[in-house]
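Open the model in your viewer and keep the selection tool at hand. The tour goes from stop to stop.

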Amino acid sequence: MDSWLLTLIAFLPAAAGLALTLVKNEGVARKAALGVSLVVFALAAWLWFGLKPVEGMQFAYAVDWIPALGIRYAVGVDGIAAAMVVLTALLLPLAIQASSHQPKGFLIALLFLETGMVGAFIATDLFLFYVFWEAMLIPMYLIIGIWGGPRRVYAAVKFVIYTIVGSVLMLAAILYCYRIAGTFDIVELQKTLPAAKLAAGTRNLLFLAFALSFAIKVPMFPFHTWLPDAHVEAPTAGSVILAGILLKLGCYGFLRFAIPFFPESARHYTPLILALAAIGVIYGAAMAMAQSDMKKLVTYSSVSHLGYCMVGIFSGTLAGAQGGVLQMINHGLSTGALFLLVGSVYEKTHRRGVDDFGGMAKVTPKFAVVFLLVTLSSIGLPGLNGFVGEFLVLFGAFPHHPTATVFAALGVVLGAVYMLNLYRNVFFGPVTMPERENTPDLSKAELATLAPLLALIVLLGVYPKPLMKALEPSVDAVVRKLVKDPHVADQR
């Protein structure tokens, strides 16, 4: 069963999506989609608890797919990939539960999107990874372009164009890597490519081709401009998945491919990447402070928070890199919850402007309490999940990259400013509009949807050790490739 577990997790959603095309009853289709997503989460939990805290791929399975070209269907996970698979499997049923008003086609698109995302995380064949990477585009394009807001087509097309530009460059680099090494096997490429006798210019170009594709997906400054349109126009579930999972695939790409394949080039471009990441932290925070739309504010906060992830990943220390990966997960939890909350109030009032509210703590006390907990998580309050990742990033990065760390620390302060200012304007003071006095509070179903995220926000803030232990061997392997002196990576 272990050898088939990853395949089952990846393809069960797509198989269910195909089956749902034959179901005419919308209510039955919705229950079936939710049920399948919960089964996938149970399988992902089984995967996580069966994972061993060691370096290398586990639950591996491989079979020839296109033997003439050496292409295989090959899957496996390490600690990083397994954590992202579990996060994906957790957010999908929550997104489905939050889409009770959406038609069957929307749910089918979500299920196919889950297959693409999980497949990208578990693929250990580079060609297979690219197939999943591109396959994700189609359902997300449909989710934004069909079920999004008034400017949905523009946002969907912009999202696809940006991603395809990066993907074309990555495909060219993949083919060149195959020409050098004669294999698409990712584990073999991680050994072969660093040892290959390539001219520095060629190696740097290959690194940049991968890095640009992943930087667009993160998105790093200045490749972020597709994100605000995509988030604002996407339906709530689309924003949850986009922020919670899709953006993390960019960070994952640096960890799995760009750094291990071309460590010398990664070292060479570390100052540039850290500079862009630090700019992104400040820029995202400054833009968030200027927003009057709650959804756009949360969107720009994502640009800022993903900058922390990149600072940590390229810090060159185990502590910093672990913090970066933890922030990938923490951001998925806190920002996913924020989008669910903003989506909830928008469905009830058809408003999401900061100035459209005031005094909501008196009208919707449950909503106020939950929003406060998620806000404190987002700004990194000690005892909640956001603090652990931010602290490790700053602690790990400062000894070797003090300037980038100072900018990242300033972003922490700015993050507290815009999030607490948002909370004050929406929840405190008098009720500014009489029609808001009848706004329904969070329902039992909405509380049940948010409960897993809230529980993890507290649990990972109080006791992150099991997660860090599972991540450590895989993160350490990446860091040791990035640094010249392996003793530097030992900093904790």
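Which helix does valine 165 lie in? Select valine 165: it lies in helix α7. This is a predicted model, so treat each stop as a computed result.

**Stop 1**

Together with Val165 they make a nonpolar surface patch of about 680 Å². Colour by element: α6 (137-147) and α7 (152-181) are the ones that give two or more residues to this patch.

**Stop 2: a network of salt bridges**

Select Arg151, Lys158 and Asp229, which are linked in a network of salt bridges. Begin with the pair of arginine 151 and aspartate 229, whose side chains meet at 3.3 Å, N to O. Arginine 151 sits in the loop between α6 and α7, while aspartate 229 belongs to helix α10 (residues 226-233), so this pair links distant parts of the chain, 78 residues apart.

Switch to lysine 158. Its salt bridge with aspartate 229 has the closest N and O atoms 2.9 Å apart. Lysine 158 is in helix α7 and aspartate 229 in helix α10, so this pair ties together parts 71 residues apart in sequence.

Which of these residues are buried, and which is partly exposed? Lysine 158 and aspartate 229 are both buried. Aspartate 229 has 16% relative accessibility. Arginine 151, at 42%, counts as partly exposed.

**Stop 3**

A search of the whole structure finds eight salt bridges. For another of them, select aspartate 185 and arginine 72, with the closest N and O atoms 2.7 Å apart. Aspartate 185 lies in the loop between α7 and α8 (186-195), and arginine 72 in strand β2 (residues 71-77), so the pair ties together parts 113 residues apart in sequence. Aspartate 185 counts as buried at 14% relative accessibility. Arginine 72 counts as partly exposed at 28%.

**Stop 4: a charge without a partner**

Side chains of opposite charge can pair when their charged atoms come close. Select aspartate 356, in the loop between α14 (318-349) and α15 (360-363). How far away is the nearest side chain of opposite charge? That side chain is arginine 351, at 4.5 Å. A salt bridge needs the nitrogen within 4 Å of a carboxyl oxygen. Aspartate 356 is buried yet has no salt bridge. Beyond its neighbours within four places in sequence, aspartate 356 is in contact with Arg351, Met433 and Arg436.

**Stop 5: the nonpolar core**

The largest nonpolar core has 175 residues; Leu126, Phe210, Phe254, Met310 and Phe314 touch the most other members. Helix α11 (residues 236-261) gives the largest share of this core, 17 residues. Zoom in on phenylalanine 210. Not counting residues up to four places away in sequence, phenylalanine 210 touches Leu126, Met170, Ala173, Ile174, Cys177, Phe257, Ala258, Phe261 and Phe262.

**Stop 6: alanine 408**

Finish in helix α18 (residues 402-427), at alanine 408. Is alanine 408 buried or exposed? Alanine 408 is buried, with a relative accessible area of 0%. Setting aside neighbours within four places in sequence, alanine 408 is in contact with Val281, Tyr308 and Leu394.

Key:
Residues numbered from 1 in each chain as written. Predicted model: local features only at pLDDT ≥ 70, side-chain atom pairs only at ≥ 80, totals over all residues. Heavy atoms only, no water. Helix = DSSP H or I, 4+ residues; strand = E, 2+ residues; numbered from the N terminus. Buried < 20%, exposed > 50% of the residue type's maximum accessible area, 1.4 Å probe, protein only. Lys, Arg positive; Asp, Glu negative; His and termini not counted. Contact = heavy atoms within 4.5 Å. Core = buried A, V, L, I, M, F, W, Y, C linked by side-chain atoms within 4.5 Å. Patch = residues over 30% accessible without salt bridge, like charges linked within 9 Å, V, L, I, M, F, W, Y side chains within 5 Å. Areas by Shrake-Rupley, 256 points an atom, 1.4 Å probe, with all protein chains shown as cover.
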